[in-house]
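Please read them with the coordinates open.

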Amino acid sequence: MTEAEDSPKPAPDVEALEQEGEIAADYLEGLLDIADIDGDIDMDVEGDRAVVSIVDIKGIDLTGPSGEVLEALQELTRLAVHRQTGERSRLMLDVGRYRERRRVELTKIGSAAASDVKRSGEPKALQPMTPFERKIVHDAVAAAGLRSESEGEEPRRFVVVLPV
């Protein structure tokens, strides 16, 4: 084990993460006002990142097909936070609980792929996914007792589930 792996991670600066959430919420409220979209914004800190959610949104889909609009909004929001703090943000944005529902789906996909690999003994490549999606699949595969790797180049990077 290297020294970096051996030393504990520093505790997240909750105050700084809360500030990121507030900056993000202000930015998103401005966007919603400009677009004349009704929605409420929730802020939280989960682990080492701020989480901002647009909830109770009515009449419009801000996630887009496969979450592309949500990913774009998240990047714009991270840039707005960076502009004010000078620090790179790992903020997570959710709209209408899309990520929550997607997490459940991806956990099932990862578990099913692990079962297939255990049964066949052959590696299994999954469809291309975002980094958020790949992390959830990797976690589900690890929970099933197997390992996985990411292969390919963005935006076509995908998970391969490997036999033991």
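1. Helices (H or I, at least four residues) and strands (E, at least two) are taken here as DSSP runs, numbered from the N terminus. On that basis the chain has 5 helices and 6 strands, and along the sequence they follow the pattern α-α-β-β-α-β-α-β-α-β-β. This is a predicted model, in which local features need pLDDT of at least 70 and side-chain atom pairs count only at pLDDT 80 or more, while totals for chains, interfaces and linings use all residues. Residues are numbered from 1 along each chain as its sequence is written, and side-chain values use heavy atoms, with hydrogens and water left out.

2. As to overall dimensions, the C-alpha trace spans about 55 × 45 × 25 Å along its principal axes. Of the 164 residues in the chain, 35% are buried, where buried means under 20% relative accessible area, exposed over 50%, and partly exposed in between (1.4 Å probe, protein chains only). Taking a contact as heavy atoms within 4.5 Å, residues 24 or more positions apart account for 55% of the contacts with a separation of 6 or more.

3. On charge, the chain carries 21 positive and 35 negative side chains, and the centres of the two sets lie 8 Å apart. Lys and Arg count as positive and Asp and Glu as negative, with His and the chain ends not counted; the place of a charge is taken as NZ of Lys, CZ of Arg, CG of Asp or CD of Glu.

4. Strand 6 (residues 158–162) deserves a look, since 4 of its 5 residues are buried. Two strands are said to pair if DSSP finds at least two bridges between them. Strand 4 (residues 124–128) runs antiparallel to strand 6 and is joined to it by 3 bridges, with A125 having V160 as its bridge partner. Strand 5 (residues 147–151) is also antiparallel to strand 6, through 5 bridges, and here S148 is partnered by V161.

5. As background, most residues other than glycine have a negative phi, and most peptide bonds are trans.

6. D36, in the loop between helix 2 (14–35) and strand 1 (40–46), has a positive phi of about 55 degrees although it is not a glycine, and at 70% relative accessibility D36 is exposed. D56, in the loop between strand 2 (49–55) and helix 3 (68–85), likewise has a positive phi of about 55 degrees without being a glycine, but D56 is partly exposed, at 48%.

7. Leaving aside residues up to four places away in sequence, V137 touches L106, G110, L126, M129 and V159. Its C-alpha atom is separated by 7.1 Å from that of I109, 28 residues away along the chain.

8. Finally, UniProt lists residues 100–164 as "domain: R3H" in an unreviewed entry, and such annotations may be inferred rather than shown by experiment. In the model this span is 52% helix and 23% strand, with its end C-alpha atoms 30 Å apart.
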